[in-house]
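Visitor: I am new to this structure and would like to be walked through it. Could we look at it together?

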Amino acid sequence: MKANDFDCIVIGGGHAGVEAAHAAAKIGAKTALITISKNTIAEMSCNPAIGGLAKGQIVREVDALGGLMGLATDATGIQFRILNRSKGPAVQSPRAQADRHRYAEFMQRRLEGTDNLTIVEGTATEIITEKNKVRAVACKGGAVYNAQAVVVTTGTFLGGKLYVGSECWSGGRIDEPPSGELSESLKRLGMKVGRMATDTTPRLDAATCDLDKLEIQAGDKRPAPFSFMTEKIERTQVPCWITYTDEKIHKLLRDNLNRAPLSSGQIKARDPRYCPSIESKVVRFADKRQHRIFLEPEEEEVKTIYCNGIFTSMPKDVQEKMLKLLPGTENARIIRYAYAVEYDYCPAVQLKSNLETKKIRGLFLAGQINGTSGYEEAAGQGIVAGINAARKLRSAEPVVLGRDQAYIGVLIDDLLTREIDEPYRMFTSRAEYRLSLRADNADRRLTRIGKSVGLVDEKRWEKFENKLEKTDRLKTYLQKTRSDGLSLWEQLRQPDNTATEKLVKSSVKERLFGADGNDEAAEAVIIDAKYEGYLTKQERLVAGLQVLEKKKIPAELDYEKITHLRTEAKEKLSALRPGTVGQASRIGGITPADITVIRIHLKKYH
């Protein structure tokens, strides 16, 4: 094989690209990661945090499959919190502030030490195909790299434009050039391309902020790791600070709406609903007298402050005035002004469930190019795309995670069945099976899959099997041991039975596993017991729906010829081309009657 010959090429070194390149290479594909600069791989270009509601579950899933994001967060995190701790385990999510510089350095070192992976500094300009199949990637300067599979993870770089008030210039991120040629290449290949936009927040010199007078948000006393391979986190945690906007700030923003590109119409793409600009929030929630702002450190030494909540495209003078009115930042020096970025994306309805494009064989898309937002959503897609690119080279069956298996499965299925016109963000409410898609059981859901594809190493597998053995032993003991007429397992199922919980975590655990027994198995069994009844009902529901999920729809099916199918259904199904009857049932506007017609047709003619 020649120096420029690879099995798989990943374009883009963001969070999707990192996981895709690592997964493909570790599975055994000779992989090249093409990125503008090695030094910006895994850059945290937005907030210096990983996880959050539903996003934390995705990170645990990436980790369970054998990915890197959880390990990187545990190694470089500076504050760890479990969100929704007062609620049930199904909606509890881990979140961590990370040292953004050390996070990127960790990822860069891991990739550099990954066998079968070569990092190429360059700008991809064209995807070369032959008979609708990937053949190579051309870069600026004339270099051509051959490959049978290509994963595009370009983030906000495709046709990127940056905005601060009336200022506008081409860029993928601040001080980094966009990729216009690659966007044109995708269009020539027949891919539909749209525009999306998002915005960032100001970065401040921490030494010039008056943080002492603000409310402190501390981390958990016992930090919970993201990776199942991390035993414990013992570093001293760094606080965040909370402040609030007021009516003076709101008036300033309202008076200058015509100067903000996302509000004035200068940017045609929609202001993201789920990560809105501060000016949009002031207009949308006009009755609110204040909005909470989190001042988050970007590094352990607290040199730079990220103003979480002040996403904006306002001009520099308005940003300065706003910060002078905000408690704690009255005298703050702005290191980097907030800006909006508008960029090209490819609606994900053009993809198959394995994230391969329907038009071009061997071409996979992952991350913001599919219309998502967030590091975590990108990483989840990246690892799936990397796995499937490598498996395609071996003619192996693709890995497709179901909605009942993972939040990643929900994410990808939503992208394939919804017409998305703003950055997609994951929420627990999007997952109908969230009772079983918990952060605590991601390893039990997905480690076997990671092992089967070659991503989970022996050390992780041994740890996983050890946990399963302990969990099974503890569950059996609780089901056989009785007290006051009930088994300990039945007592655990009772609401608010904290006494039995404490017993399991202390004397029972110690009796079975010794004084140093890990809490992991005990926590897992307690949650399993509490959710047993609900999960039994959910499993029956899943079993019934699996009939639809397993019923494949031929890619060439002509919906126009299906008698009794409504015109609207024909149009939507022809445009979105669902892979299964289950996917078809989740497309907006498709009714149960439409699904019945399709099932009858498939039974008759296929």
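Predicted model: local features only at pLDDT ≥ 70, side-chain atom pairs only at ≥ 80, totals over all residues.

Visitor: How many bridges join S15 to S16?

Guide: There are three bridges between S15 and strand S16, which covers residues 240-244, and the two run antiparallel. As one example, Glu215 has Ile242 in S16 as its bridge partner.

Visitor: What holds strands of a sheet together, in general?

Guide: Strands pair through backbone hydrogen bonds, and the pairing may be parallel or antiparallel.

Visitor: Now the five-stranded sheet: is its pairing parallel or antiparallel?

Guide: The pairing there is parallel, and the open sheet has the order S6-S2-S1-S10-S21. Its edge strands, each pairing on one side only, are strand S6 (117-121) and strand S21 (363-365). From one strand to the next, the twist averages 20°.

Visitor: And how many bridges join S2 to S6?

Guide: Five bridges connect strand S2, residues 31-35, with S6, and these strands run parallel. Thr35 is found opposite Glu121 in S6.

Visitor: Which strands does H1 touch when it packs on the sheet?

Guide: H1 touches strand S1 (8-11), S2, S6 and strand S10 (149-152), and its direction makes about 165° with that of S2.

Visitor: Let us stay with H1. At what angle do the axes of H1 and H10 cross?

Guide: Helix H1, residues 15-27, and helix H10, residues 375-393, have axes that cross at roughly 25° and come within 7 Å. H1 is therefore roughly parallel to H10. The crossing of H1 past H10 is right-handed.

Visitor: Which residues make that contact?

Guide: From H1, the contact is made by His15, Ala16, Glu19, Ala20, Ala23, Ala24 and Ile27. H10 contributes Tyr375, Ala378, Ala379, Gly382, Ile383, Gly386, Ile387 and Ala390. Sorted by class, the contact of H1 with H10 has 11 nonpolar, three polar and one charged residues.

Visitor: Why would residues three or four places apart in a helix point the same way?

Guide: An α-helix has 3.6 residues a turn, so residues with that spacing point the same way.

Visitor: What about H10 and H11: how do their axes cross?

Guide: The axes of H10 and H11 come within 10 Å and cross at roughly 90°. This makes H10 roughly perpendicular to H11. On the H10 side, Glu377, Gly380, Gln381 and Val384 meet Ile408, Leu411, Ile412 and Leu415 of H11. By class, this contact of H10 with H11 has five nonpolar, two polar and one charged residues.

Visitor: A change of topic. Where is Ser395?

Guide: Ser395 lies in the loop between H10 and H11. Its phi is near 60°, a positive value in a residue other than glycine.

Visitor: Is Ser395 buried or exposed?

Guide: Ser395 has a relative accessible area of 69%, so it is exposed.

Visitor: And where is Asp484?

Guide: Asp484 is in the loop between strand S22 (482-483) and strand S23 (486-487). The phi of Asp484 is near 55°, again positive in a residue other than glycine. Asp484 is exposed, with a relative accessible area of 77%.

Visitor: Finally, what do S7 and S8 form?

Guide: S7 and S8 form a hairpin with four residues between them, and Lys131 in the turn has a positive phi of about 55°. Strand S7, residues 124-129, pairs with strand S8, residues 134-139, in the antiparallel sense over five bridges. Within this pair, Ile127 stands opposite Val137 in S8.

How values were computed:
Residues numbered from 1 in each chain as written. Heavy atoms only, no water. Pairing = 2+ DSSP bridges. Axes fitted to C-alpha atoms, helices over the stretch in contact; angles between N-to-C directions. Parallel < 35°, antiparallel > 145°, perpendicular 65-115°, else oblique. Left-handed = near helix turned anticlockwise from the far one by under 90°. Contact = heavy atoms within 4.5 Å. Nonpolar A, V, L, I, M, F, W, Y, C, P; charged D, E, K, R; others polar. Buried < 20%, exposed > 50% of the residue type's maximum accessible area, 1.4 Å probe, protein only.
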